[in-house]
Amino acid sequence: MNLQKLIERHWYVKQDPFLIALLFPMSLIYEIINSIRRILFMLRILPVTKINVPVVVIGNITVGGAGKTPLTKHLAQQLTDKGYKVGIILRGYKSDTSNATIVTHHSTSTQVGDEALIYAQSGFNVAIASKRVKAAQLLLKQYPDTQIILADDGMQHYYLKRDLEICVVDSSRMFGNEQLLPLGPLRESLSRLKKVDAIIVNGDYNKVKLAEKLIEYKTKTHQQNLQFIDFYNPITKESKTATEMAKTPICAMAGIGNPGRFYDYLENLGMSIKAVKSFPDHHNYTKDDIISRISTIITTEKDYTKLAQFKPKHIWIARVEAQLSNVELINQVIALLKKD
């Protein structure tokens with residue numbers, strides 16, 4: 001078992017006494033640094049920049065994927081459909097540059113990062129930068145008619161003033177052992193949930209247990225589920241329903257924060273999974289990675305941004321879209337625009 005899997009097992013399955021002794025001092029240091037940093041922002045010793053349009057941050061308090069990208073796309077599309085001009089900013093994790101950059105559908109995931117390319121290819125105006133303020137400023141300069149900015153991730157990036165904070169929670173992993181990094185998966189303590197404007201629970205796992213956990217934070221909670229669209233082959237331009245693909249033996253492949261959630265999703269669709277290939281989040285794929293004894297591979301939209309360079313005819317994307325339990329969240333976001 002490699003170190004990453006060992007630590008994840010400690011976070012989410014069973015705590016290891018040796019790792020507790022090893023990681024607790026580092027976790028304590030992390031907490032102290034975080035506390036000092038928050039105080040510096042509160043005292044305005046560290047600068048907080050206000051942008052000329054409302055900013056909605058969609059983030060989480062745990063490491064790894066929680067379902068932010070589908071939610072951000074959903075909100076962006078809902079706002080666009082209602083006639084609002086939307087911009088999306090993000091860090092551009094594992095991109096080639098830390099400078100502020102406008103992302104287009106001609107960009108590559110290596111240049112701009114996985115999620116940024118997904119948004120651009122979906123037709124949204126996107127900018128990346130290690131400093132979100134720079135990304136927002138560039139976006140407004142390039143697209144001056146922008147009325148609202150959605151920030152994918154960045155709950156812990158306090159340099160950018162936000163008008164609304166949405167925290168996404170992965171219902172399958174929840175908060176793990178509820179410890180701060182590196183002893184646990186938390187970027188910030190659970191008390192941070194009291195300060196966000198909305199909590200989005202992604203998926204139906206641990207529904208009762210999670211509801212009991214979240215009720216103490218007294219923050220409005222919404223349910224998000226991923227609605228299946230189709231299986232799509234970008235090379236052949238074919239589209240198949242779940243029923244059509246169910247007869248085909250597949251290899252499920254993912255390099256995301258929680259691959260198990262993706263595999264469970266495929267199983268619930270009735271897929272015949274004969275093999276799985278899991279990689280670290282934001283994995284840089286090679287040609288060897290897509291060799292499989294199973295002739296059909298199904299992967300995520302995020303993974304395919306890095307697989308597209310190989311033009312693989314045997315790889316299909318499971319296309320999904322977020323579906324919220326009600327319209328309250330989008331109305332909450334629109335209220336910012338009407339206030340403005």
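Hi everyone, let's start with a helix pair: the axes of α3 and helix α5 (residues 114-121) come within 11 Å and cross at roughly 25°. This is a predicted model, where local features need pLDDT of at least 70, side-chain atom pairs count only at pLDDT 80 or more, and totals for chains, interfaces and linings use all residues. Residues are numbered from 1 along each chain as its sequence is written, and side-chain values use heavy atoms, with hydrogens and water left out.

A word on terms. Helices are DSSP runs of H or I with at least four residues, numbered from the N terminus. Axes are lines fitted to C-alpha atoms over the stretch in contact, with angles from 0 to 180 degrees between N-to-C directions.

Back to our pair: α3 and α5 are therefore roughly parallel to each other, a label for angles under 35 degrees. The crossing of α3 with α5 is right-handed, that is, the near helix is turned clockwise from the far one by less than a right angle. Who touches whom? On the α3 side we have Lys68, Thr69, Thr72 and Lys73, and they meet Glu115, Ile118 and Tyr119 of α5, contact being heavy atoms within 4.5 Å. That contact splits into 2 nonpolar, 2 polar and 3 charged residues. Here Ala, Val, Leu, Ile, Met, Phe, Trp, Tyr, Cys and Pro count as nonpolar, Asp, Glu, Lys and Arg as charged, and the others, Gly among them, as polar.

Now, α3 (residues 68-81) has another partner, helix α11 (residues 328-339): their axes come within 11 Å and cross at roughly 55°. So α3 and α11 are oblique to each other, the class left after roughly parallel, roughly antiparallel (over 145 degrees) and roughly perpendicular (65 to 115). This crossing of α3 and α11 is right-handed. Leu71, Leu75, Gln78 and Leu79 of α3 pack against Leu329, Ile330, Val333, Ile334 and Leu337 of α11, giving 8 nonpolar, 1 polar and no charged residues.

Last topic: cavities, meaning sets of points on a 1 Å grid over the protein atoms alone where a 1.4 Å probe fits but cannot get out, with lining residues having an atom within 4 Å of a point. How many cavities of 30 Å³ or more are there? The count is 2. The largest has a volume of about 50 Å³, and its lining includes Tyr12, Asp170, Arg173 and Asn258. By class, that lining has 3 nonpolar, 5 polar and 2 charged residues. Thanks, all!

How values were computed: 1 Å grid on protein atoms, 1.4 Å probe; cavity = no way out; pocket = protein on both sides within 12 Å on 5 of 7 lines; lining within 4 Å. Points joined across faces, edges and corners; volume = space filled by probe spheres on them. Helix = DSSP H or I, 4+ residues; strand = E, 2+ residues; numbered from the N terminus.
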